[in-house]
Amino acid sequence: MEAHDPNNRKGLLVAGLIIAMLFGALDGTIVGTAMPRIVGDLGGLGLMTWLTTAYMLTSTVIVPIAGKLADLMGRRVVYVTGLSIFIIASALCGLSQNMTELILFRGLQGIGGGIMMPMAMIIIGDIFTGKQRAKWQGVFGALFGLSSIIGPQVGGWIVDAASWRWVFYINLPVGVLAIVLIAIALPKFQRKDKVQFDIAGMTTMIVGVVSLLLALTFGGKNFAWVSWQVIGLIVLAVVSLVSFVVIESKAKEAILPVSLFRNKTFTIINGVGFLMSVGMFGAIMFVPLFMQGIVGISPAASGTVMTPMMITMIAASVLGGQMVQKIGVRTQMGIGMVIMAVGFILLTTLSMTTSKLTASSFMMVIGLGMGLVMPLLTLALQESFPKSELGVVTSSSQFFRQIGGTFGMTILGAIMNHHSSNLLTVNLVPVLKQIPQQGSTLISDMIAKISSDPQSLYSVLLNPEALSQMPQALTAQIVPILKTALVDSLHTVFMFGLVFVILGAILSLFVGKVQLSDRKGTDNKNEPQEAV
């Protein structure tokens with residue numbers, strides 16, 4: 001096993017972890033800000049979404065594999081490898097000459113990022129006691145919130161001052177510094193027996209998860225849910241994941257041991273994380289749409305509506321690290337989920353007269369709940385399992401949250417489309433059919449979109465220039481109907497998000513008593529808690 005970290009190296013290690021986690025978390029928000037410039041330079045507007053999709057696919061699927069490899073091969077070699085992949089891929093992204101190259105290199109960058117994210121939490125579990133870990137995981141969780149606040153500003157500054165390529169090049173010096181600190185401070189791993197890799201498990205999991213994520217990404221957007229493409233991906237995902245379960249039940253060094261799911265703490269904590277993420281994306285995705293489409297503020301200003309949520313999440317993450325030692329994991333998790341539920345109830349009261357300040361205050365409530373819950377999802381798992389399984393259980397927490405976020409975007413987006421289609425069919429189609437035929441092409445296009453892609457009609461509300469080019473008489477008739485449909489549809493989305501959060505709150509009541517220890521993860525000999 002890995003030896004204890006010398007105290008004089010712990011400061012270096014924590015500094016390296018903070019640098020690595022912050023620049024990894026910043027990458028997504030910085031790149032998002034630079035996307036318009038990237039498309040303007042490289043072209044490929046139709047491929048733009050793949051810059052995010054490619055990263056999401058690879059980073060999600062590598063997380064559980066990275067956690068298991070950390071248990072088998074040691075933290076240092078896995079972490080430094082992940083950082084190196086991220087840095088090399090960042091350099092290649094900056095050198096890209098076309099959109100296809102950039103997408104491929106973003107996928108490679110996602111592998112590095114997917115290794116980096118869980119490793120910091122795993123190492124925190126190694127070097128701190130349970131009580132210290134509660135504080136530090138709150139701090140590290142706050143780094144994610146901080147990145148979402150400063151990322152767009154940093155990205156905008158880099159693009160304006162230099163070039164979009166420096167959005168990627170900036171990772172090189174920062175990443176090298178993180179590698180040096182972590183390589184020096186982390187002890188060398190020594191294993192006497194031969195390492196056995198679960199190749200069959202890795203292969204079936206990668207095929208299954210990627211197929212599932214692609215089906216959720218394409219379904220209802222690029223292809224109909226009943227198309228052969230989406231159905232084929234779902235069938236491939238089911239077959240691969242069933243094969244994965246069978247293989248994992250027999251593998252000696254399983255990537256995600258099936259036996260873990262018989263453990264009460266493992267199943268419930270990851271269930272809470274999954275449900276919280278499904279509901280959470282209902283707020284993150286759709287509140288800016290409400291603010292732009294109904295309140296009529298700019299995209300930049302709608303982004304600032306989310307900033308108070310992130311600020312309260314940061315504060316709650318740090319505060320929660322102190323509170324949990326006094327009130328316990330189950331109590332704090334329950335309180336956090338209930339606060340999130342209250343936030344979603346408030347979102348269902350948004351109306352056409354809602355101000356930006358009011359919407360921001362509602363988001364602050366959700367951020368408060370999120371901040372109390374998120375650090376606990378990793379902490380409770382680390383306190384409930386022995387050192388030999390610390391990597392796999394820590395990475396599982398992030399894995400199920402990422403899957404939950406993808407499900408949330410897909411499910412709530414489908415709900416939004418379905419409800420909008422029904423409302424617009426009843427209220428807008430009769431109005432459009434009564435309009436004189438001189439606008440027949442425009443009218444027929446709008447009627448077609450009501451059944452196939454109703455959300456695209458709301459783009460009229462988000463684009464003042466497009467609105468000004470429409471006949472004034474038509475605008476006067478359809479805009480009130482579109483706004484009413486958007487408000488009603490978003491209320492439905494927030495209600496469904498509330499249901500998922502309430503289910504998570506109920507599930508949190510069944511979390512067993514998790515005792516925060518005074519021992520480091522390297523000394524943690526506790527056996528897993530009771531099985532379901």
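Modeller: The largest nonpolar core holds 132 residues, and those with the most contacts inside it are L17, Y79, M333, M340, L347, L424 and L428. By nonpolar core I mean a set of buried Ala, Val, Leu, Ile, Met, Phe, Trp, Tyr and Cys residues joined through side-chain atoms within 4.5 Å; buried is under 20% relative accessible area, exposed over 50%, and partly exposed in between (1.4 Å probe, protein chains only). Helix α19 (residues 472-508) gives this core its largest share, 13 residues. Helices here are DSSP runs (H or I, at least four residues), numbered from the N terminus.

Bear in mind that this is a predicted model: local features need pLDDT of at least 70 and side-chain atom pairs count only at pLDDT 80 or more, while totals for chains, interfaces and linings use all residues. Residues are numbered from 1 along each chain as its sequence is written, and side-chain values use heavy atoms, leaving out hydrogens and water.

Now zoom in on L424. Setting aside neighbours within four places in sequence, L424 is in contact (heavy atoms within 4.5 Å) with V429, I450, P454, L457, Y458, I481, L482 and A485.

Then there's helix α12 (residues 329-347), whose buried residues include M333, M340 and L347.

For contrast, I234 sits in helix α9 (residues 228-248), and I234 counts as partly exposed because its relative accessibility is 35%.

Conventions
Helix = DSSP H or I, 4+ residues; strand = E, 2+ residues; numbered from the N terminus.
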